[in-house]
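Reader: I would like to learn how to read strands, hairpins and pockets in a model. Please take me through them.

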Amino acid sequence: GSGVSSVSDKSGSNNFVTQSTRANQPAYSTINRHLTFNGTTTTLPLNTPEFVTNRNFTFFFVERRAANKSFNYLIGGTGSSTNGNLHVGYQSNNPFVGFYSNDFSGSSVGATLGITRIFKFNLTPTGRTIFLNGTLNATNATADRLLGNAGLAIGGGPLGIYQGDILEVLC
């Protein structure tokens, strides 16, 4: 498919993504209607990376993982301070959510690849949860909020770039 340079926010919140560097643009499949991230360079940076800072939030990703590599993040930033960099996705075969030095890992999904999943992450006043296809995968009582979030991009960031297909993102 052809490279995608921007995606508009359909919610009206003006949280759009753009990627001007052609080599870093994910490919779009018009047949299957998804974005393919290559796991090495493709990301879509958000214009407002702070929109999840200091608040409760939920992310939904409809995704199909193509690799069980160590750091395979659906979304990630560039910060390096505690609670200062959101990264959500997989570490090897485990669903994972990190706020940089305040990380949370779920139960292994095994080395299963090519399976379409709904990956949901919640941060509420009582803690954090990860759901896969509607089933609770992990929970903990840490309710620390994200304090900063520079460089947030769909497809990950310097800590790990996603390898697979993303069909939908909701926040």
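Author: Start with a hairpin: β9 and β10 form one, with two residues between them. In its turn, S92 has a positive phi of about 55°. This is a predicted model, where local features need pLDDT of at least 70, side-chain atom pairs count only at pLDDT 80 or more, and totals for chains, interfaces and linings use all residues. Residues are numbered from 1 along each chain as its sequence is written, and side-chain values use heavy atoms, with hydrogens and water left out.

Reader: What joins β9 to β10?

Author: In general, strands of a sheet pair through backbone hydrogen bonds, either parallel or antiparallel. Strands here are DSSP runs (E, at least two residues), numbered from the N terminus. Two strands pair if DSSP finds at least two bridges between them. β9 (residues 87-91) and β10 run antiparallel, joined by five bridges. Q91 stands opposite N94 in β10.

Reader: Which residue has a positive phi in the turn between β10 and β11?

Author: Y100, at about 65°. This hairpin has four residues between its strands. β10 and β11 (residues 103-105) pair in the antiparallel sense over three bridges. F96 stands opposite S105 in β11.

Reader: Is β10 mostly covered or mostly open?

Author: Buried means under 20% relative accessible area (1.4 Å probe, protein chains only). By that cut-off, four of the five residues of β10 (residues 94-98) are buried, so the strand is mostly covered.

Reader: What is the strand order in the open sheet of eight strands?

Author: The order is β1-β4-β5-β18-β7-β12-β13-β14, with antiparallel pairing. β1 (2-3) and β14 (135-140) stand at the edges, each with a single partner strand, so one side of each has no neighbour in the sheet. β14 pairs with β13 (residues 127-132) over five bridges. There, R128 stands opposite N140.

Reader: Which strands are joined to β18 by bridges?

Author: β5 is joined to β18 by four bridges, and β7 (residues 57-65) by six. F37 has G164 as its bridge partner in β18. V62 stands opposite E168.

Reader: What is the volume of the largest pocket?

Author: A pocket is an open set of points on a 1 Å grid over the protein atoms alone, where a 1.4 Å probe fits, with protein on both sides within 12 Å along at least five of seven lines; lining residues have an atom within 4 Å of a point. Volume is the space filled by probe spheres set on the points, which are joined across faces, edges and corners. The largest pocket has about 670 Å³. Of its 25 lining residues, V7, S8, I154, E168 and V169 are the closest to its centre. β18 (163-170) is among the strands that supply at least two lining residues, and gives the most, with five.

How values were computed
Buried means under 20% relative accessible area, exposed over 50%, partly exposed in between (1.4 Å probe, protein chains only).
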